[in-house]
Amino acid sequence: MGWHTEKEKEKEKDREILPKDVVIKRIKRENKDVRTFFFEDALLDVRPGRYVMVWVRGIDEIPISLSHKDAITVERVGKTTESLFKLKEGDSIGIRGPFGNGFDIKGENILLIGGGIGIAPLLYLAEVFGEKKKDITTLIGSRSRETLLFLKEFEKISKVFVSTDDGSLGKKGSVLNMLDAEIFKQEYDMIYACGPEKMLRSLLEFFNEKDLLEKTQFSLSRIIKCGLGICGSCCIDPKGLRVCRDGPIFYGGEILNSEVGRYERDHTGRRRKV
Ligand SMILES: Cc1cc2nc3c(=O)[nH]c(=O)nc-3n(C[C@H](O)[C@H](O)[C@H](O)COP(=O)(O)OP(=O)(O)OC[C@H]3O[C@@H](n4cnc5c(N)ncnc54)[C@H](O)[C@@H]3O)c2cc1C
Ligand code: FES
């Protein structure tokens, strides 16, 4: 990381261990179960693909990726996200981080593939590539037209293809149905994916068959507790890669033969089928 002084090193440690009080400046409703929370205070060392540990006081602390340099986009799925949704503009949360490696940002022709809430971290990435005037193609999929995230935002900076499970917008079925000859008419320098694990597993197999794994980066999700690489709750078999520190972004080749898309672990560490 290239530390310069002991003081800077200490400051960085504090940011990882002690939650910083961050005021919510604005809350944007994306759909019934998804909100974007914009922060009043700027975070240090932000970049696409990194995540923060969000502490909702009295409830729990959860990992959430940055969807902009100053915001997170959250899907309501359980107790902590439910409590987060009860907060108002002007309220504060505790933030540790940002953590994780972030996406390796490179290439001229870029393909982004996102499913469900996995679309959120790709928006920040698209914004960064957009500023650099890169050629971006985006495939986004969701359950339905109502739940599809950030269509307008992606359309401003990229060529967009849409799929929905119920066919209410774009192609019917998963984003995988869009990986046809039309999409691959042009060659991509780098392909970035984030979404449900079954989708990621299918993409791993698809790009492996095409011998393109070295051009793919995947954003993974596991139960993250410490975020410091110590507790082991986020490790993936068989190499023991820690999603919190070694990831959450991995090149396809690193995780092709891993548990991804096959099984994961719950909060107690017990294995469960994906
Ligand atoms: C690196 C990383 C980045 C993430 N980015 C985002 C994001 O940008 N937006 C967003 O909405 N969510 C994101 N998540 C997932 C988010 O952390 C979980 O949805 C959240 O922890 C659920 O907390 P809860 O208390 O509301 O739900 P809980 O009551 O804890 O659980 C509700 C359900 O969600 C499952 N779940 C809980 N945590 C995870 C997890 N880490 N991975 C997969 N399933 C889980 C539980 O098993 C259960 O089925 C990310 C996770 C990781 C690891
Ligand atoms: S969350 Fe503790 S080691 Fe990754």
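In which sense do β4 and β5 pair, and over how many bridges? The pairing of β4 and β5 is antiparallel and runs over two bridges, where two strands count as paired if DSSP finds at least two bridges between them. Helices (H or I, at least four residues) and strands (E, at least two) are DSSP runs, numbered from the N terminus. The structure is a predicted model, in which local features need pLDDT of at least 70 and side-chain atom pairs count only at pLDDT 80 or more, while totals for chains, interfaces and linings use all residues. Residues are numbered from 1 along each chain as its sequence is written, and chains are lettered from A and ligands numbered from 1 in the order in which they are written.

The protein chain is divided into domain 1 (6–99) and domain 2 (109–273), with bounds that come from an automatic or database domain assignment. A distance of 21 Å separates the C-alpha centres of domain 1 and domain 2. Across the boundary, 19 residues of domain 1 are in contact with 18 residues of domain 2; contact requires that the C-beta atoms of two residues, placed from the backbone, lie within 7 Å. On the side of domain 1 that touches domain 2, the elements giving two or more residues are β1 (20–31), β3, β4, β5 and β6 (92–99). Among these, β4 gives the most, with five residues. By class, this side of domain 1 holds seven nonpolar, seven polar and five charged residues. Here Ala, Val, Leu, Ile, Met, Phe, Trp, Tyr, Cys and Pro count as nonpolar, Asp, Glu, Lys and Arg as charged, and the others, Gly among them, as polar.

The strands can now be taken together. Six of them close into a barrel in the order β1-β2-β5-β4-β3-β6, with antiparallel pairing. On average, neighbouring strands of this sheet are turned by 45° against each other, direction ignored. The helix α3 packs on the sheet and touches β4 and β5, its direction making about 35° with that of β4. For such angles, axes are lines fitted to C-alpha atoms, for helices over the stretch in contact, and the values run from 0 to 180 degrees between N-to-C directions.

Val52 has Ile64 as its bridge partner in β4, and Trp55 has Glu61. The hairpin of β3 and β4 has three residues between the strands, and in it Gly58 takes a positive phi near 85°. Strand β3 also pairs with β6, in the antiparallel sense and over four bridges; there the bridge partner of Trp55 is Gly94. Five of the six residues of β3 are buried, a residue being buried if 20 or more other C-beta atoms lie within 10 Å of its own, exposed if 12 or fewer, and partly exposed in between, with C-beta atoms placed from the backbone.

On the β5 side, a hairpin joins β4 to β5 through two residues, and His68 stands opposite Ala71 in β5. Strand β2 (residues 34–39) pairs with β5 over five bridges, again in the antiparallel sense, and Phe38 too stands opposite Ala71. Four of the five residues of β5 are buried.

Of the 24 residues around ligand 1, Ile62, Ser65, Gly78, Thr80 and Thr81 come nearest; a residue is near a molecule or strand if its C-beta atom, placed from the backbone, lies within 6 Å of it. At least two residues of this shell come from each of β4 (60–68), β5 (71–75), α2 (79–85) and α3 (119–131). The most come from β4, with five residues. The shell comprises 13 nonpolar, six polar and five charged residues. Domain 1 and domain 2 each supply at least three residues to the shell.

Arg201 counts as partly exposed because it has 19 C-beta neighbours inside 10 Å. Leaving aside neighbours within four places in sequence, Arg201 is in contact with Val260, Gly261 and Arg262. Gly173 lies 28 residues from Arg201 along the chain, and their C-alpha atoms are separated by 16 Å.
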